[in-house]
Amino acid sequence: MKSVVKFSLLSAAIVAAVFSAAAHAAPGASDSPTLQRWQAGGTVVLGVRESATPMAYALGANEKFVGYHVELCEKVVRAIAPQAQLKYMVLTAQNTMPLIQNGTADFNCASMTNSLKRQDQVAFGLTTYVSEVRMAVAQQAPITSFKQLDGKKVSAITGTTAVQILRRYAAEHGIQFKTLMAKDQFEAFLLLESGRVDAFVLDDNMLAGVIAQSKHPAGYKIVGEVIGAEPIAIQFSKQDPAIKQAVDGAIRQMMANGEIERLYAKWYTQPIPPKQVNLNLPMGSTLKKLLAQPNDAPVEQFQP
């Protein structure tokens with residue numbers, strides 16, 4: 001009997017040693033200085049936007065930053081480093097990549113398409129939104145298709161993939177129009193609001209957000225066929241594989257327990273601040289499929 005007990009204890013010790021070695025070998029806080037610093041109460045800098053409703057935007061005079069991806073980023077950080085201190089930094093489409101790459105900001109919590117070119121500079125988490133490129137026009141405008149933009153003026157945001165998709169569509173269909181470039185959604189929408197352009201082209205969720213926050217939401221509508229679908233995800237440094245593993249693990253858990261769906265419903269199908277406007281954009285079938293079968297495929301390999 002004693003020999004059996006000794007054997008069992010020996011077996012348990014071996015199993016424990018194996019698991020201990022495996023845990024030590026796996027990328028994690030133990031071999032990641034960055035995760036160690038965060039978990040010890042260090043500061044995590046979340047890159048946000050001032051007017052990317054409903055993904056990431058400011059309330060008041062940049063007193064508070066909110067949105068679907070801002071809240072998602074906050075929950076991810078709390079899951080992987082509960083003691084970390086959060087700091088917010090306003091980014092633009094133009095400076096996001098270099099500021100994430102050089103470590104000035106730890107995460108980009110705004111809306112940005114996962115692409116192979118961008119993967120050369122930063123890492124992307126699992127896809128947490130799928131955008132569809134369409135256009136916003138005045139409510140009374142007769143425009144219903146991108147083909148009707150021939151000879152018109154269009155606003156778009158510098159540095160966005162929507163610009164590339166629009167230009168490719170124009171080349172393929174022999175359409176010519178003048179493009180006025182803006183630095184952000186607010187500036188691009190002002191061009192439409194002031195009548196300087198006939199349409200504003202961007203991701204559908206961004207268009208819905210800027211219309212909802214405008215002076216006259218009922219004066220604009222989203223139209224046009226979908227000319228591109230893109231996977232959207234948060235970004236962070238690609239220099240530390242342990243961060244990617246930790247972030248994706250937290251996102252998978254949020255997908256599995258329904259937290260992502262609750263977050264989506266909160267920001268896309270319920271009234272949101274500051275005007276308590278409902279965007280009325282129910283979750284599409286593509287994103288639902290991704291929640292069940294998560295991946296981080298770039299737009300070049302994306303299959304809606």
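Q: Which residues form a disulfide, and how far apart are their sulfur atoms?

A: This is a predicted model, so let's take its features one by one. Two cysteines count as a disulfide when their sulfur atoms come within 2.5 Å. Here Cys-73 and Cys-109 make such a pair, with sulfurs 2.3 Å apart. By this rule the count is one disulfide.

Q: What does the link of Cys-73 and Cys-109 tie together?

A: Look at where each end sits. Cys-73 belongs to helix α3 (residues 68-80) and Cys-109 to the loop between β6 and α5 (116-119), so the pair ties together parts 36 residues apart in sequence. The angle about the S-S bond is -110°, and the link is left-handed.

Q: Are Cys-73 and Cys-109 buried or exposed?

A: Both Cys-73 and Cys-109 are buried. Taking the protein chain as a whole, 48% of its 304 residues count as buried.

Q: What is the mean pLDDT of the protein chain?

A: The mean is 89, and 90% of the residues reach 70 or more. Residues 1-28 are another story: pLDDT stays under 50 there, and the model has eight contacts for them beyond four places in sequence. Where pLDDT is low, the predicted coordinates should not be read in detail.

Q: How many helices and strands are there in the protein chain?

A: You'll find eleven helices and 14 strands. The C-alpha trace spans about 90 × 40 × 35 Å along its principal axes. As for contacts between residues at least 6 apart in sequence, 74% of them join residues at least 24 apart.

Q: What is the order of the strands in the open sheet of five?

A: The order is β5-β1-β6-β14-β7, and the pairing is mixed. At the edges are β5 (85-90) and β7 (123-124), each of which pairs on one side only. Inside the sheet, β1 (residues 43-48) and β6 (residues 107-108) pair in the parallel sense over two bridges. Gly-47 has Asn-108 in β6 as its bridge partner.

Q: Which way do the residues of strand β3 point?

A: Start with the general idea: in a regular strand the side chains alternate between the two faces of the sheet. In β3 (residues 56-59), Ala-56 and Ala-58 point one way, Tyr-57 and Leu-59 point the other way, and all are buried.

Q: Which strands form hairpins with β3?

A: One is β2, with three residues between the two strands. β2 (residues 51-52) and β3 run antiparallel, joined by two bridges, and Ser-51 stands opposite Tyr-57. The loop between them holds Pro-54, which is joined to Thr-53 by a cis peptide bond with omega of about 0°.

Tyr-57 stands opposite Val-66 in β4.

Q: Which residues have the most contacts inside the largest nonpolar core?

A: That core has 89 residues, and the ones with the most contacts inside it are Trp-38, Tyr-68, Phe-107, Met-135, Phe-200, Val-247 and Tyr-268. Apart from it lies another core of ten residues, among them Val-45, Leu-91, Met-97 and Ala-105. Take Val-247 as a case: leaving out residues up to four places away in sequence, Val-247 touches Val-76, Ile-80, Phe-107, Ile-234 and Phe-236.

Q: Which residues of helix α11 are buried?

A: In α11 (residues 285-292), the buried ones are Leu-287, Leu-290 and Leu-291. They lie on the same side of α11, because they cover an arc of only 100° around its axis. This buried side packs against β8 (129-138), α9 (241-256) and α10 (259-268). Ser-285 and Ala-292 are exposed, on the face turned away.

Q: What is found in the loop between α10 and α11?

A: Pro-274 is there, and the peptide bond to it from Pro-273 is cis, with omega near 5°. Gln-276 lies in that loop too, with a positive phi of about 55° although it is not a glycine. Gln-276 is partly exposed, at 49% relative accessible area. Asn-280 is also in this loop, and its phi is positive as well, about 55°, although it is not a glycine. At 54% relative accessibility, Asn-280 counts as exposed.

How values were computed. Residues are numbered from 1 along each chain as its sequence is written. This is a predicted model: local features need pLDDT of at least 70, side-chain atom pairs count only at pLDDT 80 or more; totals for chains, interfaces and linings use all residues. Side-chain values use heavy atoms; hydrogens and water are left out. pLDDT is the predictor's confidence in each residue, from 0 to 100. Contact means heavy atoms within 4.5 Å. Two strands pair if DSSP finds at least two bridges between them. Helices (H or I, at least four residues) and strands (E, at least two) are DSSP runs, numbered from the N terminus. Buried means under 20% relative accessible area, exposed over 50%, partly exposed in between (1.4 Å probe, protein chains only). The arc is that of the directions from the helix axis to the C-beta atoms. A nonpolar core is a set of buried Ala, Val, Leu, Ile, Met, Phe, Trp, Tyr and Cys residues joined through side-chain atoms within 4.5 Å.
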